[in-house]
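Please open the model in your viewer and keep the selection panel at hand. The stops below are given in the order in which they may be selected.

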Amino acid sequence: MISWLSPIVSVFNTLLTDLFQLTHDWGLAIIALTLIVRLLFTGLNLMNYRQMVRQKAVQPILQQAREKYKDKQDRLLEETLRINKEHGIKPFNMLLISFAQIPIFMSLFGLFRTHGGDMSSTIVSWVDTLSQTDPLHVLPILSTLLTLAAALIPITMELTILQAAKKQAGLSIVMNLIYLFVLWRSPIAIGLYYASSAVFALMEKLVYRTKWGQKLLYRGIQVPVEAAS
């Protein structure tokens, strides 16, 4: 295992052990750990969603700039950067969530490969230990389907869930097939973690589609909430 991941693995191992002492089941402890991690990422997720809202809000302005400077690419780039800065759009910030997931996955993978042989759970009773792969592939498939469902739910009310699904289905399916491939041969504990995470992500998306959630997303952004409905 990469040495710089050792502190993260140690933290996860300690926290998971403490949660096991409370739940008396390693599967429940993993679900509780997933909830804690999701809560820690709530602020970063909100920042990411608000960036999406900002990008959606400035599309008419950007389209005008494209039409005005369609023959002047250098000028168009300058104008795009100016508009992004003026409206608080930071495209690279949206990659933070993706990059942050990499050390988490690698740490959990290493943790369950190393210690999963001593863990079991009634939640996944068809395997002896949590270091094993899922022979029935229940959790990899379930996790992928739930993640796909969460990805297809738009955070704003401009599109219905069905409309958004039609627009984003292609890319989302490709990404989730890669996701499925990774989980297919991973320890079943990884599948349980990401299946739980997908459930929480789905719930988070649905919360943001409520009236309260929309107000939170659009707070400080110069687009009325009603415009998203």
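Begin by selecting Ala150, which lies in helix H7 (residues 138-152); helices are DSSP runs of H or I with at least four residues, numbered from the N terminus. The model is predicted, so local features need pLDDT of at least 70 and side-chain atom pairs count only at pLDDT 80 or more, while totals for chains, interfaces and linings use all residues. Residues are numbered from 1 along each chain as its sequence is written, and side-chain values use heavy atoms, with hydrogens and water left out.

Ala150 has a relative accessibility of 7% and therefore counts as buried; buried means under 20% relative accessible area, exposed over 50%, and partly exposed in between, with a 1.4 Å probe and protein chains only.

**Salt bridges**

The structure holds 4 salt bridges, a salt bridge being a side-chain nitrogen of Lys or Arg within 4 Å of a carboxyl oxygen of Asp or Glu. Select Glu204 and Arg38, whose side chains form one of them at 3.1 Å, N to O. Glu204 belongs to helix H9 and Arg38 to helix H2 (residues 26-40), so the pair ties together parts that are 166 residues apart in sequence. Both residues are buried.

Move on to helix H5 (residues 73-86), where Glu79 and Arg75 are 4 residues apart, about one helical turn. Their side chains meet in a salt bridge of 3.4 Å, N to O. Glu79 is buried at 12%, whereas Arg75 is partly exposed at 34%. Also in helix H5 and 4 residues apart are Arg82 and Glu86, with a salt bridge of 2.6 Å, N to O. Arg82 is partly exposed at 41%, and Glu86 is exposed at 55%. Salt bridges with shared partners join Arg75, Glu79, Arg82 and Glu86 into one network.

**Aromatic rings**

Finally, select Phe105, Phe109, Tyr179, Tyr193 and Tyr194, which form one aromatic cluster. Rings of Phe, Tyr and Trp (its six-membered ring) pair if their centres lie within 6.5 Å; planes under 30 degrees apart count as stacked, over 60 as edge-to-face and the rest as tilted. The structure holds 6 aromatic pairs. The Tyr179 and Tyr194 rings, with centres 6.1 Å apart and planes at 85 degrees, are edge-to-face.

Technical notes. Helix = DSSP H or I, 4+ residues; strand = E, 2+ residues; numbered from the N terminus.
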